[in-house]
Amino acid sequence: MKIALLGYGKMGKAIEKIAEVKNHEIVYRVDLNNAFDFLPVSLQNVDVAIDFSMPTAAVDNILKCFEAKVPIVVGTTGWYDQFDLIKEKCLNENQSLVHSTNFSIGVNIFYKLNKILSGMMANYSDYDVMIEEIHHTQKKDHPSGTALTLAKHILKDNQRKDKIKDRLIFDSKQASQSVKPNELLIESMREGDVTGIHTVRYESVIDSMSITHDAKSRYGFAKGALLAAEWILDKKGIYTMDDILQL
Ligand SMILES: NC(=O)c1ccc[n+]([C@@H]2O[C@H](COP(=O)([O-])OP(=O)(O)OC[C@H]3O[C@@H](n4cnc5c(N)ncnc54)[C@H](O)[C@@H]3O)[C@@H](O)[C@H]2O)c1
């Protein structure tokens, strides 16, 4: 498989390592230094593109892949406000896209557990629910895309919550803000080089209950993204890891 890496940072490099072992070929790499040279024609000899770039770059990169008719796997987070536009274009133009806020197989199992738990807890009003996420200090967006996906699933089930309250713990203004009962708190912490820890916590006066996913390295995200790239090659349409893993 001939791959274009759109974004050649921590994730791009992790994907490259696994791709080499699997005998795939990285034929094109884009980062901040050559982003202006990247055109649809640059993808002439590419079977699939994998985007782990920046929230501000992802949409443009996706559109260039559509124009070049090259399937794309998108791991970048922070662009989902434009998701509807991309989805419509993908379907109308018969293009191929896999997107996930988290490509690790473990996190996708965790998403499923969160859905089951939030369904079970929906009727127990004694419990409040919150999400915590911890990532490395270079992470650009907050809350993490993974935390937002977890929150979306909880908000669907929990009638007592109707919006997200985003709290970055190092921002003293935000850290002191109170949380209303209808708000689902997502607390974001930035520490050292933490790959990604997500916890969903239910709390009552009697007890507390939590589920946690702790990524030990970027290997899981990279492995999942490559699996998605192999899977999308012969398909048209817009997919997530749910479709690939069939959990
Ligand atoms: N979905 C997942 O499983 C998953 C896992 C980890 C990270 N992420 C997300 O992936 C993205 C990248 O993460 P990272 O840790 O590799 O970040 P990083 O900062 O290490 O790398 C980002 C790369 O994008 C490049 N870039 C900047 N502008 C670009 C442009 N216009 N076109 C192409 N590349 C450009 C930068 O030069 C850099 O090489 C982030 O949004 C992060 O949240 C997703």
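In this predicted model, the second largest pocket lies between domain 1 (2-103 + 219-245) and domain 2 (105-214), because both domains give residues to its lining. The space in the second largest pocket amounts to about 760 Å³. Its lining comprises 26 residues, and those nearest the centre are His 99, Thr 101, Thr 149, Lys 152 and His 153. At least two lining residues come from each of helix H3 (83-92), helix H4 (105-121), H5 and helix H8 (241-245). Of these elements, H5 gives the most to the lining of the second largest pocket, with 7 residues. Sorted by class, the lining of the second largest pocket holds 9 charged, 10 polar and 7 nonpolar residues.

The largest pocket has a volume of about 1,000 Å³. Its lining is made up of 45 residues, with Phe 52, Ser 53, Met 54, Pro 55 and Thr 76 closest to the centre. Helix H1 (10-21), H2 and helix H5 (145-157) are the elements that give two or more residues to the lining of the largest pocket. In this lining, 22 residues are polar, 15 are nonpolar and 8 are charged. The largest pocket also lies between domain 1 (2-103 + 219-245) and domain 2 (105-214), since its lining draws residues from both.

Helix H2 spans residues 58-68 and includes Ile 62. Ile 62 has a relative accessibility of 0% and therefore counts as buried. Beyond its neighbours within four places in sequence, Ile 62 is in contact with Ile 72, Val 74, Trp 79, Ile 86 and Leu 97. A distance of 9.6 Å separates the C-alpha atom of Ile 62 from that of Ile 50, a residue 12 positions away along the chain.

Cysteine pairing was examined across the whole structure, and the search finds 0 disulfides. A disulfide requires two cysteine sulfur atoms within 2.5 Å. For Cys 65, the closest cysteine sulfur is that of Cys 90, at 11 Å, so the two are too far apart for a bond. Likewise, the sulfur of Cys 90 has that of Cys 65 as its closest cysteine sulfur, and the distance of 11 Å is too far for a bond. Cys 65 is buried, with a relative accessible area of 0%. Cys 90 is also buried, its relative accessible area being 1%.

Methods:
Residues numbered from 1 in each chain as written. Predicted model: local features only at pLDDT ≥ 70, side-chain atom pairs only at ≥ 80, totals over all residues. Heavy atoms only, no water. Buried < 20%, exposed > 50% of the residue type's maximum accessible area, 1.4 Å probe, protein only. Helix = DSSP H or I, 4+ residues; strand = E, 2+ residues; numbered from the N terminus. Contact = heavy atoms within 4.5 Å. 1 Å grid on protein atoms, 1.4 Å probe; cavity = no way out; pocket = protein on both sides within 12 Å on 5 of 7 lines; lining within 4 Å. Points joined across faces, edges and corners; volume = space filled by probe spheres on them. Nonpolar A, V, L, I, M, F, W, Y, C, P; charged D, E, K, R; others polar. Domains from an automatic or database assignment.
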